[in-house]
Amino acid sequence: MNVDGRENNGNGADLRPANHKSKSNLIVALAGNPNAGKTTLFNFLTGLKQKVANYPGVTVERKEGVWTLGDTTARIIDLPGLYSLDATSLDEQIAREVLTGELQDGQKPDVIIAVVDATNLERNLYLVTQLFDYDIPVVVALTMVDIFEKQEHEIDTAKLAELLKSPVVLVTASSKKGREELAEKVIEIAGSRPEAPIWSSAADEIGENANIFARYNFISNAVQESVKHNDLEKHNFSEKIDRVLTHKFFGLLILIAILLVVFQTIFTWATVPMDLLEGGFGSLGDLARANLPEGILADLVVDGIIAGVGGVLIFLPQILLLFLFISILEDSGYMARAAFLLDKLMSRVGLHGKAFLPLMSSFACAIPGIMATRTIEDRRDRLATILIAPFMSCSARLPVYALMISAFFAGQTIWGFISLGAVLMLAMYALGTIVAVIVAFILKRTVLKSPPPPFVMELPPYRLPNLRTITQNMITRSGLFLKRAGTVILAISIVLWALMYFPRQAPISPAVSETAETRETLETPETSKSAEPVDDAETAKAAEAKAEEGEHLKRSYAGQLGHLIEPVIAPLGFDWKIGVALIASFAAREVLVSTLSIIYNVGKDEDEKSETLISAIRDAKTDDGRTVWTPLTALTLMVFFVLAIQCMSTVAVVRRETNSWGWTLLMVAYMTGIAYIAAFITFQGGRLLGFS
Amino acid sequence: MGASATVKAVTRDNPASRRLMEMGVVPGVSIRMVKTAPFGDPIEIRLRGYNLAIRKSEAEAIEVNE
């Protein structure tokens with residue numbers, strides 16, 4: 001944004017102080033290579049005083065924090081991890097714009113802290129030589145010094161500081177001393193005229209690369225003069241570990257084992273807190289119901305807000321666990337190995353090796369999976385990964401699969417011993433994956449066509465993950481998730497609730513007379529309730545209340561929509577009631593189960609194992625008396641759910657991460673289209689083959 | 001495998017050459033071949049005290065003195 005002629009120019013001037021007195025509100029940029037310990041230092045300096053947002057218009061994250069240096073405070077801007085400042089990736093462009101002040105209303109940072117990994121000095125210093133070009137004082141923060149000294153290297157920081165013409169501070173996250181010295185140096189240097197070392201271009205090289213060679217020449221000399229190296233190779237533990245972890249055979253085996261453990265854990269560990277949350281939201285709903293006056297407000301709060309937002313929030317434990325594992329794998333350095341192992345396989349489809357983890361994560365939930373694509377630098381590769389991630393069968397599809405299988409395929413076996421249900425379940429996971437691969441293949445050869453981006457990836461040394469970084473990461477991620485649940489998801493929940501609630505005339509108590517009344521106004525008066533014989537008085541009363549609810553639903557906008565789309569879904573063997581469930585479950589897939597319960601009047605609390613829901617589905621009749629559900633219908637519905645988007649949270653997160661409604665709507669369109677075609681083929685093909 | 005060599009030049013026509021140079025693959029630096037990934041690509045090399053994975057198509061940009 002252009003801020004020429006803004007009124008608060010006085011504030012801007014204060015930020016470039018000439019003397020020490022007015023040095024409040026310094027702006028400090030934190031720059032460094034990936035894996036140099038930048039995040040650890042950032043957390044160490046700012047504690048919990050940090051916020052994460054996106055840079056305007058792009059999906060690169062902007063991390064900022066407040067650092068208290070004695071009586072002064074500084075705003076720290078954590079730049080993305082960088083190897084260089086002049087290549088063309090989005091991260092590098094953002095970093096450049098921060099350093100030139102373009103992204104802060106023309107305010108350049110007062111000081112740059114260059115985070116430099118002592119164990120990888122030469123390559124880390126390359127970025128530092130580029131930082132000197134910005135005419136901002138630089139303080140070099142040397143990290144990993146403890147590891148460096150364990151490797152019996154010695155570094156002469158005074159000499160290095162002299163050569164770089166900038167202060168050099170040793171920082172270890174565990175000690176306070178480094179932080180104090182860093183603060184001193186930053187205050188000391190802020191506002192001073194930056195001095196930069198001078199290097200001359202290598203005489204025998206011309207052109208644009210001469211600059212790179214000159215910088216590396218300067219670095220090689222500087223390192224030679226200030227560091228006493230031991231034999232580097234003797235201490236290379238990571239390569240020893242990699243003899244197993246990236247071994248041609250064992251490497252792949254271990255990768256598969258790690259993934260199995262991660263998924264098993266996410267599925268099993270997460271169920272306990274998820275059940276608790278679900279119970280909690282249930283009680284919250286009851287509480288609200290008890291304390292609010294009966295009527296529309298109570299219905300909105302309980303059925304709309306609590307049910308809708310709660311239904312999404314119960315996935316928080318899974319998301320936290322997944323990010324715990326992602327953080328550990330990333331922080332330890334293993335993630336780069338996984339990409340190294342699988343790049344060849346992934347590149348056959350047109351994806352980057354780094355796409356593997358986001359896609360695997362999407363089997364748990366597409367939302368963290370899509371968020372994890374941020375590690376992919378190339379925009380097109382990242383987009384392709386985001387656009388296929390929702391095809392992976394996430395945990396929200398499980399209730400749907402489980403309901404269909406237990407209703408129509410339970411207890412059946414193939415060849416007498418293989419459970420048909422298990423085979424179907426596996427087939428659904430396979431179908432999603434295969435379609436994802438095909439879509440990726442097509443996308444990468446058409447709209448997202450690009451030359452394969454360079455796979456030049458550091459394999460960082462293995463390190464023990466930092467507990468603080470991991471917790472911070474989990475807090476940040478869940479914060480973002482909760483924020484979304486409180487905004488987008490809340491809004492859509494209310495809309496969906498309203499669609500299923502309105503129009504609503506006066507409360508319908510005598511169900512029979514009301515039904516008679518509606519018969520006059522509605523085109524399709526037949527209801528299927530009569531299919532369910534009601535015996536004793538108690539169930540009759542309950543059934544009456546449920547019947548009322550079913551009647552409401554039929555007349556609601558959602559019900560009308562169901563009728564409207566009936567001709568479209570009829571070729572899939574679905575009637576309008578399934579249509580309503582499809583519309584409602586756009587909020588979240590598992591909503592299908594509760595919506596079917598409402599539609600078939602078996603109460604809202606049914607879960608997928610409920611006998612009554614299962615029998616109600618089996619017995620349901622269409623308006624003209626045919627059986628609605630057959631095993632083929634169930635299979636068709638499962639196929640549809642494998643491929644259809646049916647998750648507003650995913651739509652919201654794709655919109656956020658791609659920063660484009662165009663891509664988001666394209667995804668919604670082709671996922672729905674593919675789901676429809678596949679369901680059509682399943683149903684009509686099944687009928688041709690003689691199944692019913 | 002395990003062979004060391006000195007970089008003679010990095011060709012300019014490879015899409016990865018600039019990135020390679022920025023990562024320190026410049027003439028005169030010594031690099032060592034560490035290993036090949038299970039499916040034959042990418043490869044792992046070591047230079048300037050750190051390990052780098054690159055695809056074979058990118059490795060072609062690096063000319064070395066044996």
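## An enclosed strand in chain A

In this predicted model, strand β6 (residues 138-143) of chain A has six of its six residues buried, so the strand is largely enclosed by the rest of the structure. A residue is called buried if 20 or more other C-beta atoms lie within 10 Å of its own, exposed if 12 or fewer do, and partly exposed in between, with C-beta atoms placed from the backbone. Helices (H or I, at least four residues) and strands (E, at least two) are DSSP runs, numbered from the N terminus.

Which strand pairs with β6(A) in the parallel sense? The partner is strand β5 (residues 111-117) of chain A, joined to β6(A) over six bridges. Two strands count as paired if DSSP finds at least two bridges between them. Within this pair, A:Asp117 stands opposite A:Thr143.

## How the model is read

Residues are numbered from 1 along each chain as its sequence is written, while chains are lettered from A and ligands numbered from 1 in the order in which they are written. In this predicted model, local features need pLDDT of at least 70 and side-chain atom pairs count only at pLDDT 80 or more, whereas totals for chains, interfaces and linings use all residues.

## Helices of chain A

Helix α19 (residues 420-445) and helix α27 (residues 631-643), both of chain A, have axes that come within 9 Å and cross at roughly 40 degrees. That angle makes α19(A) oblique to α27(A). Angles under 35 degrees count as roughly parallel, over 145 as roughly antiparallel, 65 to 115 as roughly perpendicular and the rest as oblique. Axes are lines fitted to C-alpha atoms, for helices over the stretch in contact, and angles run from 0 to 180 degrees between N-to-C directions. On the α19(A) side the contact is made by A:Met428, A:Leu431, A:Gly432 and A:Val435, and on the α27(A) side by A:Met638, A:Val639, A:Val642 and A:Leu643. Residues are in contact if their C-beta atoms, placed from the backbone, lie within 7 Å. By class, this contact has seven nonpolar, one polar and no charged residues. Ala, Val, Leu, Ile, Met, Phe, Trp, Tyr, Cys and Pro count as nonpolar, Asp, Glu, Lys and Arg as charged, and the others, Gly among them, as polar.

A:Met404 lies in helix α18 (residues 398-408) of chain A. Is A:Met404 buried or exposed? A:Met404 is buried, because 27 other C-beta atoms lie within 10 Å. Not counting residues up to four places away in sequence, A:Met404 touches A:Ala634, A:Leu637 and A:Met638. A:Met404 and A:Leu637 are 233 residues apart in sequence, yet their C-alpha atoms are 8.3 Å apart in space.

## Where the chains meet

The contact between the chains takes 30 residues from chain A and 28 residues from chain B. In chain B, α1 (17-22), β2 (30-36) and β4 (50-54) each supply at least two residues of the side that touches chain A. That side of chain B has 15 nonpolar, four polar and nine charged residues.

## A sheet across two chains

Six strands form an open antiparallel sheet in the order β12(A)-β4(B)-β3(B)-β2(B)-β1(B)-β5(B). Its edge strands, each pairing on one side only, are β12 of chain A and β5 (62-65) of chain B. From one strand to the next, the twist averages 45 degrees.

Strand β12 (residues 457-459) of chain A and β4(B) run antiparallel and are joined by three bridges; there A:Met457 stands opposite B:Ala53. Further along, five bridges join β2(B) to β3(B), and B:Ile31 has B:Leu47 in β3(B) as its bridge partner. Helix α14 (residues 334-349) of chain A lies across β12 of chain A together with β3 and β4 of chain B, at about 120 degrees to β12(A).

Most residues other than glycine have a negative phi, and most peptide bonds are trans. B:Arg48, in the loop between β3 and β4 of chain B, has a positive phi of about 45 degrees although it is not a glycine. B:Arg48 counts as buried, with 23 C-beta neighbours inside 10 Å. A:Asn659 also is not a glycine and has a positive phi, of about 55 degrees. A:Asn659 is partly exposed, with 13 other C-beta atoms within 10 Å.

A cis peptide bond, with omega about -5 degrees, joins B:Asp41 and B:Pro42. B:Pro42 is found in the loop between β2 and β3 (43-47) of chain B.

Definitions and conventions: Contact = placed C-beta atoms within 7 Å.
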